Amino acid sequence: MRIRIVDAFTDRPFAGNPAGVLLLDGFPEDDWLQNVAMEVNHAETAFAHRLPEGGEADWALRWFTPVAEVAMCGHATLATAHVLHSTGAHEGPVRFATRSGVLVATPREDGSVTLDFPTAPLTPVEVPDGVARALGAESLTAFDTGPNVGDLLLELADEKTVHALAPDLKALGAYSRRGIIATARAEDSARGYDFVSRCFFPNVGIDEDPVTGSAHTALAPFWSERLGRAELTGLQASRRSGRVRTELRGDRTLLSGRAVTVIEGELIA
């Protein structure tokens, strides 16, 4: 079977967030899926198979980190949609049946793909004792992001603080189900983005995720309320970096970006 490595939320190779993508005839045993994801060793590997016509979805989709299956993943969904469209396996909008419900990916004329995801519910919480020491910075506010995302969102003082973070990842894992989203307002929106973030997910085997689509379902409502606009652009300031265009539509959030296939090969295991 063919296996592809796709860089998502970027228009150039070796940037954005890489994901493995496999198109299957059906889902094998979970142990095999997990072993493949461990072998690929990227933040997520996506597995998809076509569903019978006439249903509510076109393809079934699952996502695995090197150590666990996750409930929702933006960049690997974008990568899968890119593979389906670039190979001719699917034309037009594609509906994915997932653990987070039906997610739709729509190709655009400019070459980007727009994902329709559920907006994360944000619940204000007290900044946990000790999280500042683990993260390496004080937080202004803290929010729980609900069951699909499973992160603790922390607002920091400024963009420079986000860029400078060097957290204690082992200690950071105690403060959420999946990990930590650290964010701040952009210093200068003329640079083409409105807010900046970094994401640390030690509980699912990802020290720092390069570009996290699912986190932007929480970042979009957070910053839309503060900036007074439904359409925003976020910069995820990892070493690889990437940008996510967001549009808040009530209980749904649209995430848009590009993707590039960088490796295609044969899986023989």
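Strand S16 gives the largest share of the lining of the largest pocket, 3 residues. S16 spans 242-249, and S17 (252-257) joins it in supplying at least two lining residues each; strands here are DSSP runs of E, at least two residues, numbered from the N terminus. The model is predicted, so to speak of local features takes pLDDT of at least 70 and side-chain atom pairs count only at pLDDT 80 or more, while totals for chains, interfaces and linings use all residues. Residues are numbered from 1 along each chain as its sequence is written, and side-chain values use heavy atoms, with hydrogens and water left out.

In all, 13 residues line this pocket, and Phe9, Thr10, Asp11, Gly242 and Arg243 sit nearest its centre. A pocket here is an open set of points on a 1 Å grid over the protein atoms alone where a 1.4 Å probe fits, with protein on both sides within 12 Å along at least five of seven lines; lining residues have an atom within 4 Å of a point. The volume comes to about 210 Å³, taken as the space filled by probe spheres set on the points, which are joined across faces, edges and corners. By class, the lining holds 3 nonpolar, 5 polar and 5 charged residues, with Asp, Glu, Lys and Arg counted as charged, Ala, Val, Leu, Ile, Met, Phe, Trp, Tyr, Cys and Pro as nonpolar, and the others, Gly among them, as polar.

The second largest pocket has a volume of about 160 Å³. Its lining includes Arg108, Thr114, Glu231 and Leu254. S16 and S17 are the elements giving two or more residues to this lining, and S16 has the largest share, 4 residues.
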